[in-house]
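Please look over the sequence and the structure shown here. A short report follows, arranged by topic.

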Amino acid sequence: MLLKHYKKHFFNSLKDIQDEQEIESFFFILTEYLHHLTRVEVALQPNFVLSDTEIEKWNSMLVQLQQDKPIQYITGEAWFYGLRFEVNENTLIPRPETEELVAWILNSPITQNPSPITILDIGTGTGCIPIALKANLSQANVSAIDVSEKALEVAKRNAESNKVEINFIQANILDVEDLLILSSPITHHRLPYNIIVSNPPYVRNIEKLETKKNVLDYEPHLALFVEDTDALLFYRKIAQLAFKSLLPNGLLFFEINQYLGKETVELLQNLGFKNCELKKDIYGNDRMIQCSV
């Protein structure tokens with residue numbers, strides 16, 4: 001079968017589930033994944049023939065897409081800040097909004113300083129935030145923690161494949177009493193941090209109804225959801241620890257629940273943080289906060 005003929009079957013099989021733009025995106029992600037062909041190369045090879053084995057692979061992935069499985073879990077990879085990351089059911093899929101958070105950090109005055117700086121990421125998942133930061137800040141000493149051992153296994157492989165050195169620690173941030181004990185063993189010192197960043201769980205249970213099925217059914221709930229009665233639990237704990245662990249003028253960055261921007265800023269201000277700035281993402285939603293000690 002010609003690839004162009006399979007493309008028609010692919011679109012017809014998904015047209016009742018996804019919009020045309022999304023289906024087209026899936027198709028070209030898979031042509032690159034399965035055949036190492038870019039969109040342009042597909043156009044230049046209209047008579048590209050699929051073998052029976054290749055058709056079986058396409059059909060298997062098509063069935064998973066019909067079940068609303070995220071394509072990143074199907075291919076086992078996602079791209080973030082120009083870097084390839086392994087993903088699986090133990091990790092959240094890196095998102096464009098989080099790339100904006102990384103860009104904000106990289107454009108901060110602290111990261112423009114040529115002197116070595118110390119960064120901690122809390123709730124690292126795939127390791128996308130610390131790995132992207134380290135890849136762009138070679139002088140930085142970067143640590144990251146996560147409660148999930150399986151997520152950390154993925155993050156460690158991602159650090160290795162992207163050729164960066166990160167100090168990964170398994171810990172439940174709600175049980176941590178002192179962030180300084182998490183300083184990198186590379187330095188053998190209890191160093192305070194220049195930057196602490198976190199994208200913690202922030203989706204309330206009441207918001208599950210508006211959460212897409214592919215997220216609700218496949219991504220790890222441990223990294224997504226918080227109880228409605230204390231939706232800012234992780235922000236409060238992390239901020240309390242960060243206030244004692246950041247250097248003077250050190251920065252705390254959060255990705256946040258779009259509906260709780262004002263409440264999160266008030267929480268941080270009440271804990272003593274200053275210069276709190278709430279920033280919208282590319283979709284116009286309140287999505288990230290920067291503040292200093």
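Which residue forms a salt bridge with E77? The partner is R84, and the closest N and O atoms of the two residues are 2.7 Å apart. A salt bridge here is a side-chain nitrogen of Lys or Arg within 4 Å of a carboxyl oxygen of Asp or Glu.

## About the model

This is a predicted model, in which local features need pLDDT of at least 70 and side-chain atom pairs count only at pLDDT 80 or more, while totals for chains, interfaces and linings use all residues. Residues are numbered from 1 along each chain as its sequence is written, and side-chain values use heavy atoms, with hydrogens and water left out.

## Salt bridges

E77 is found in strand β1, residues 77–80. (Helices, H or I with at least four residues, and strands, E with at least two, are DSSP runs numbered from the N terminus.) The side chains of E77 and R84 are also joined by a polar contact of 2.7 Å. (A polar contact is a pair of N or O atoms within 3.5 Å; within protein, one must be able to donate a hydrogen and the other to accept it, and residues adjacent in sequence count only if both atoms are side-chain atoms.) Not counting residues up to four places away in sequence, E77 touches Y33, Q72, R84, F85, E86 and V87, where contact means heavy atoms within 4.5 Å. R84 is partly exposed, with a relative accessible area of 33%. (Buried means under 20% relative accessible area, exposed over 50%, and partly exposed in between, with a 1.4 Å probe and protein chains only.)

The whole structure has 8 salt bridges. In one of them R157 pairs with E86, with the closest N and O atoms 2.7 Å apart. This pair links distant parts of the chain, since R157 lies in helix α9 (residues 149–161) and E86 in strand β2 (residues 83–86), 71 residues apart. R157 counts as partly exposed at 38% relative accessibility. Another salt bridge joins R204 and E207, whose closest N and O atoms are 2.6 Å apart. R204 counts as buried at 16%, and E207 counts as buried at 6%.

## Aromatic pairs

A pair of aromatic rings is described by the distance of the centres and the angle of the planes. Rings of Phe, Tyr and Trp (its six-membered ring) pair if their centres lie within 6.5 Å; planes under 30 degrees apart count as stacked, over 60 as edge-to-face and the rest as tilted. The whole structure has 10 aromatic pairs. The rings of Y6 and W58 have centres 5.3 Å apart and planes at 55°, so this pair is tilted. Y6 sits in helix α1 (residues 3–14) and W58 in helix α4 (residues 52–66), and the pair links parts of the chain 52 residues apart. Y6 is buried, with a relative accessible area of 1%, and W58 is buried at 0%.

The pair F27 and F28 is edge-to-face because its ring centres are 5.2 Å apart and its planes are at 80°. Both F27 and F28 are buried. Ring pairs link Y6, F10, F27, F28 and W58 into a cluster.

## Nonpolar cores

A nonpolar core is a set of buried Ala, Val, Leu, Ile, Met, Phe, Trp, Tyr and Cys residues joined through side-chain atoms within 4.5 Å. The largest has 37 residues, of which I173, L179, I196, L252 and F273 touch the most other members. Helix α11 gives the most to this core, with 6 residues. I173 touches I122, I145, L179, F234, K237, I238 and L241, leaving aside residues up to four places away in sequence. A second, separate core of 31 residues includes L101, V102, I119 and V197.

A242 is found in helix α11, residues 233–245, and is buried, with a relative accessible area of 0%. Beyond its neighbours within four places in sequence, A242 is in contact with L179, I196, L252 and F273.

## Helix α8 and the cysteines

In helix α8 (residues 128–136), 7 of the 9 residues are buried. C128 is one of the buried residues of α8, with a relative accessible area of 8%.

How many disulfides does the structure hold? The number is 0, where a disulfide is a pair of cysteine sulfur atoms within 2.5 Å. The sulfur of C276 is 4.2 Å from the closest cysteine sulfur, in C291, which is too far for a bond.
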